[in-house]
Amino acid sequence: MRVTFTANGKPVEADDVWEGESLLYMLRERVGLPGSKNACEQGECGSCTVYLDGVPVCSCLVAAGQVQDREVRTVEGLADENGELGLVQQAFIDAGAVQCGFCTPGLLVQTDALLEHDAQPGDDDIREALSGNLCRCTGYEKIMDAVRLASARKCAGKAASA
């Protein structure tokens with residue numbers, strides 16, 4: 001089947017999609033957006049998290065056909081049109097929160113969603129928001145630092161533009 005949808009603000013058509021194919025597979029193999037990672041295929045690790053109509057979902061659990069005429073935003077869509085890293089992406093780099101990088105795409109999307117909802121989350125809010133994202137390399141402290149840094153920069157940016 002053919003699936004037509006919007007990916008990172010651009011219209012996309014994916015051909016030869018089979019009925020049981022996941023959104024994750026379609027994004028990586030048919031659409032050329034490999035940022036979301038395939039780690040568990042069970043929705044347990046969060047590495048494949050993308051936005052679907054503005055809501056973070058595990059793309060390994062979403063059937064590709066379910067995104068017909070809908071909007072998907074991947075980790076690649078967090079950067080601006082010129083390829084400049086987004087605020088959350090840059091904060092993760094600056095805080096040293098990226099190690100092997102396998103969990104990073106899901107953490108970035110989930111952090112972006114958190115900061116859209118709450119620009120100044122407390123540590124408990126951060127832990128709750130990221131509880132569905134597993135990282136096997138870190139003790140999470142650098143990830144927490146990155147979210148705090150992104151929050152501070154987002155709030156500073158709002159204050160400067162006010």
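The model is predicted; local features need pLDDT of at least 70, side-chain atom pairs count only at pLDDT 80 or more, and totals for chains, interfaces and linings use all residues. Residues are numbered from 1 along each chain as its sequence is written, and side-chain values use heavy atoms, leaving out hydrogens and water.

Start with the sheet. It is open, has five strands in the order β2-β1-β5-β3-β4, and its pairing is mixed. Strands (E, at least two residues) and helices (H or I, at least four) are DSSP runs, numbered from the N terminus. Two strands pair if DSSP finds at least two bridges between them. The edges are β2 (10-14) and β4 (55-58), and each pairs on one side only. From one strand to the next, the twist averages 40°.

Now take one pair. β1 (residues 3-7) runs antiparallel to β2, with five bridges. Phe-5 has Val-12 in β2 as its bridge partner.

Next, the helices. α1 (residues 23-30) lies across β1, β2, β3 (49-52) and β5 (71-73), at about 80° to β1. α3 (residues 104-117) lies across β3, β4 and β5, at about 45° to β3. Axes are lines fitted to C-alpha atoms, for helices over the stretch in contact; angles run from 0 to 180 degrees between N-to-C directions.

Finish at Gly-65, in the loop between β4 and β5. Gly-65 touches Met-1 and Val-3, not counting residues up to four places away in sequence; contact means heavy atoms within 4.5 Å. Met-144 is 79 residues from Gly-65 in sequence and 35 Å away in space, C-alpha to C-alpha.
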